[in-house]
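Visitor: Pick a single part of this structure and take me through it closely. I want the cut-offs stated as you go.

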Amino acid sequence: PIAALSAARGLIPPAALVFDGATRTFLSDDDGRLKSVHPVDQKVALAVLIQQKKLSSAPDTGSTLREIKYLDPAKIVTDATNRVNRALNAVLQPGDIEIIRIQVTQPSRWSVSILLEYKNLRDPGSAPRVLTVLNGN
């Protein structure tokens, strides 16, 4: 015989999961449950933190930020900003987010750091969010 299942403990599945770009995994809390995030924030994280064409099931998901090869200080800000805007087109066009700033720095001659600060317009009263992408060493 099959054992009876216990009653649900009032658990509600997350609307969307927190994606950690550094580990490229979804985060869990101390109890082992996956952390929840607003769906728009998940879309932004996946669009910016995942390298485009790395998900075989969704090759258009992600950005080309990690593909930046030439770190010419005169062009890097424009190049990175254009790449962020292209990656976020799906959430910018319907008015899901507002970009507050895109800050591009070069910690070394061989790397670039892109900080994205944005406001989730579908989550009224929420604080601005910040994501950082590091390309290179």
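Guide: Buried means under 20% relative accessible area, exposed means over 50%, and partly exposed lies in between (1.4 Å probe, protein chains only). Helices (H or I, at least four residues) and strands (E, at least two) are DSSP runs, numbered from the N terminus. This is a predicted model, in which local features need pLDDT of at least 70 and side-chain atom pairs count only at pLDDT 80 or more, while totals for chains, interfaces and linings use all residues. Residues are numbered from 1 along each chain as its sequence is written, and side-chain values use heavy atoms, with hydrogens and water left out.

The part to examine is helix α1, residues 39-49. Nine of its 11 residues are buried, so α1 is largely enclosed by the rest of the structure. The buried residues are Val 40, Asp 41, Gln 42, Val 44, Ala 45, Leu 46, Ala 47, Val 48 and Leu 49.

Asp 41 has a relative accessibility of 7%, so it counts as buried. Its side chain meets that of Arg 129 in a salt bridge, 2.7 Å from N to O. The term requires a side-chain nitrogen of Lys or Arg within 4 Å of a carboxyl oxygen of Asp or Glu. This pair links distant parts of the chain: Asp 41 is in α1, Arg 129 is in strand β5 (residues 129-136), and 88 residues separate them. Arg 129 also counts as buried, because its relative accessibility is 19%. Side chains of opposite charge can pair when their charged atoms come close.

For context, the structure holds seven salt bridges. A network of them links Asp 29, Asp 31 and Arg 33. Asp 31 to Arg 33 is 2.9 Å, N to O. Asp 29 to Arg 33 is 3.8 Å between the closest N and O atoms. Accessibility here runs as follows: Asp 29 is partly exposed at 27%, Arg 33 is partly exposed at 36%, and Asp 31 counts as exposed at 60%.

Back to the helix. Gln 42 sits in α1. It is buried, with a relative accessible area of 19%. Contact means heavy atoms within 4.5 Å. Setting aside neighbours within four places in sequence, Gln 42 contacts Ala 16, Leu 17, Phe 26 and Val 37.

A search of the whole structure finds one aromatic pair. Phe 19 and Phe 26 form it, edge-to-face, at 5.6 Å centre to centre and 70° between the planes. Rings of Phe, Tyr and Trp (its six-membered ring) pair if their centres lie within 6.5 Å; planes under 30 degrees apart count as stacked, over 60 as edge-to-face and the rest as tilted. Phe 19 counts as buried at 12% relative accessibility, whereas Phe 26 counts as partly exposed at 39%.

Leu 49 has 4% relative accessibility and so counts as buried. Beyond neighbours within four places, Leu 49 contacts Phe 19, Gly 21, Arg 66, Leu 131, Thr 132 and Val 133. Leu 49 and Arg 66 are 17 residues apart in sequence and 9.1 Å apart in space, C-alpha to C-alpha.

Now the nonpolar core. This is a set of buried Ala, Val, Leu, Ile, Met, Phe, Trp, Tyr and Cys residues joined through side-chain atoms within 4.5 Å. The largest one has 26 residues, of which Val 44, Leu 65, Leu 88, Ile 114 and Leu 116 touch the most other members. Two or more residues come from each of α1, α2 (76-87), β3 (97-108), β4 (111-120) and β5. Helix α1 gives the most, with seven residues.

Leaving aside neighbours within four places, Leu 88 contacts Val 44, Ala 47, Val 48, Ile 97, Ile 99 and Leu 116.

Two of the contributing strands belong together. β3 and β4 form a hairpin with two residues between them. They pair in the antiparallel sense over nine bridges; strands pair if DSSP finds at least two bridges between them. Gln 103 stands opposite Leu 115 in β4.
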